[in-house]
Amino acid sequence: MTDKKAIAEKLLQVKAIKLSIDNPFTWASGWKSPIYCDNRKILSFPFVREFIKSEMCNTIFQTFDQADMIAGVATAGIPWGAMAADQLKLPFIYVRPKPKSHGLGNQIEGYYEPGKKVVVVEDLISTGKSSLQVVDVLKSAELQVEGMVSIFNYGFDEAKKAFDESGVRLKSLTDYPSLIELAISQNSISEDDHQQLLQWRKDPSNWRAS
């Protein structure tokens with residue numbers, strides 16, 4: 001079983017996750033957030049990269065052992081999906097946000113056959129909207145989506161509801177609650193900070209640091 005706190009610690013170690021309550025980050029959606037996750041940074045640290053890759057492969061093997069192939073979500077899910085597929089000796093494809101505007105106009109890149117069972121690899125889950133759009137693309141290509149594996153999950157109610165309604169099984173190596181528990185155990189955040197972080201996750205679109 002994956003140790004979510006151990007993985008959260010690795011993400012903090014390489015600064016893939018940053019906490020900043022007094023000077024919050026602004027997401028592309030316009031949300032103000034006390035946390036920012038950029039798992040691309042992990043790729044630059046070989047030993048942490050290997051650890052995360054191994055944990056991802058273990059999760060795929062244990063949870064989706066019937067998988068015929070791996071699909072990465074462009075762009076951040078591509079390296080993780082490719083590494084996992086290589087270690088598990090499975091075919092790999094990746095899915096673009098939209099079809100190419102030139103050439104063959106592909107949205108799914110790589111070779112696949114209809115009916116194959118595929119596991120989607122994503123770097124993180126926020127609202128789940130873009131990740132589930134990839135699932136729809138794969139299903140439209142007559143592939144059977146067994147489930148999805150992500151490195152990090154913010155744990156928003158909106159995402160949980162979306163995945164439940166879609167019937168897609170989601171496994172995340174670590175998540176927001178595990179990160180906060182780790183920060184508390186390390187005395188790296190105060191009780192006031194803790195409450196702010198909890199309030200943000202309840203209503204991220206309207207949160208403002210107090």
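Ser126 lies in the loop between strand S8 (117-125) and helix H4 (129-140). Helices (H or I, at least four residues) and strands (E, at least two) are DSSP runs, numbered from the N terminus. This is a predicted model, in which local features need pLDDT of at least 70, side-chain atom pairs count only at pLDDT 80 or more, and totals for chains, interfaces and linings use all residues. Residues are numbered from 1 along each chain as its sequence is written, and side-chain values use heavy atoms, with hydrogens and water left out.

UniProt positions follow the numbering used here, feature names are shortened, and annotations may be inferred rather than shown by experiment. Ser126 has a relative accessible area of 23%, so it is partly exposed. Buried means under 20% relative accessible area, exposed over 50%, and partly exposed in between (1.4 Å probe, protein chains only). Leaving aside residues up to four places away in sequence, Ser126 touches Trp27, Tyr154, Phe156 and Ala159. Contact here means heavy atoms within 4.5 Å.

### The sheet around S8

S8 belongs to an open sheet of 6 strands with mixed pairing, in the order S7-S6-S5-S8-S9-S10. At the edges stand S7 and strand S10 (170-175), each with a single partner strand, so one side of each is left without a neighbour in the sheet. Two strands pair if DSSP finds at least two bridges between them. Strands of a sheet pair through backbone hydrogen bonds, either parallel or antiparallel.

S8 pairs in the parallel sense with strand S5 (residues 69-73) over 4 bridges. There, Met69 stands opposite Val118 in S8. S8 also pairs in the parallel sense with strand S9 (residues 144-153), over 8 bridges. Val121 stands opposite Val149 in S9. Leu124 stands opposite Phe152 in S9.

S8, H4 and S9 make a right-handed β-α-β unit. A crossover is right-handed if, with the strands pointing away from the viewer, the path from the first strand over the helix to the second runs clockwise.

UniProt also lists residues 60-149 for "domain: Phosphoribosyltransferase", again in an unreviewed entry. That span is 31% helix and 29% strand, and its end C-alpha atoms lie 7 Å apart.

### Two nonpolar cores

A nonpolar core is a set of buried Ala, Val, Leu, Ile, Met, Phe, Trp, Tyr and Cys residues joined through side-chain atoms within 4.5 Å. The largest has 42 residues; Leu11, Ile42, Ile52, Met56, Phe152 and Tyr154 have the most contacts inside it. At least two of its residues come from each of several elements, including helix H1 (4-13), helix H2 (46-63), S8, S9 and helix H7 (191-202). Ile52 touches Ile7, Leu11, Ile42, Trp80, Ile151 and Leu173, not counting residues up to four places away in sequence. Another core, of 21 residues, lies apart from this one; Met69, Val120, Leu138 and Val145 are among its members.

### Salt bridges

Side chains of opposite charge can pair when their charged atoms come close. A salt bridge is a side-chain nitrogen of Lys or Arg within 4 Å of a carboxyl oxygen of Asp or Glu. The structure holds 7 salt bridges. Among them are these:

| Salt bridge | N to O distance |
|---|---|
| Arg40 and Asp38 | 3.7 Å |
| Lys41 and Asp38 | 3.6 Å |
| Arg96 and Glu109 | 2.9 Å |

Which parts does the pair of Arg96 and Glu109 tie together? Arg96 lies in the loop between strand S6 (92-95) and strand S7 (108-109), and Glu109 in strand S7, so the pair links parts that are 13 residues apart in sequence. Arg96 is partly exposed, at 25% relative accessibility, whereas Glu109 is buried at 15%.

Salt bridges that share partners join Asp38, Arg40 and Lys41 into one network. Arg40 is partly exposed at 46%, and Lys41 is partly exposed at 33%.
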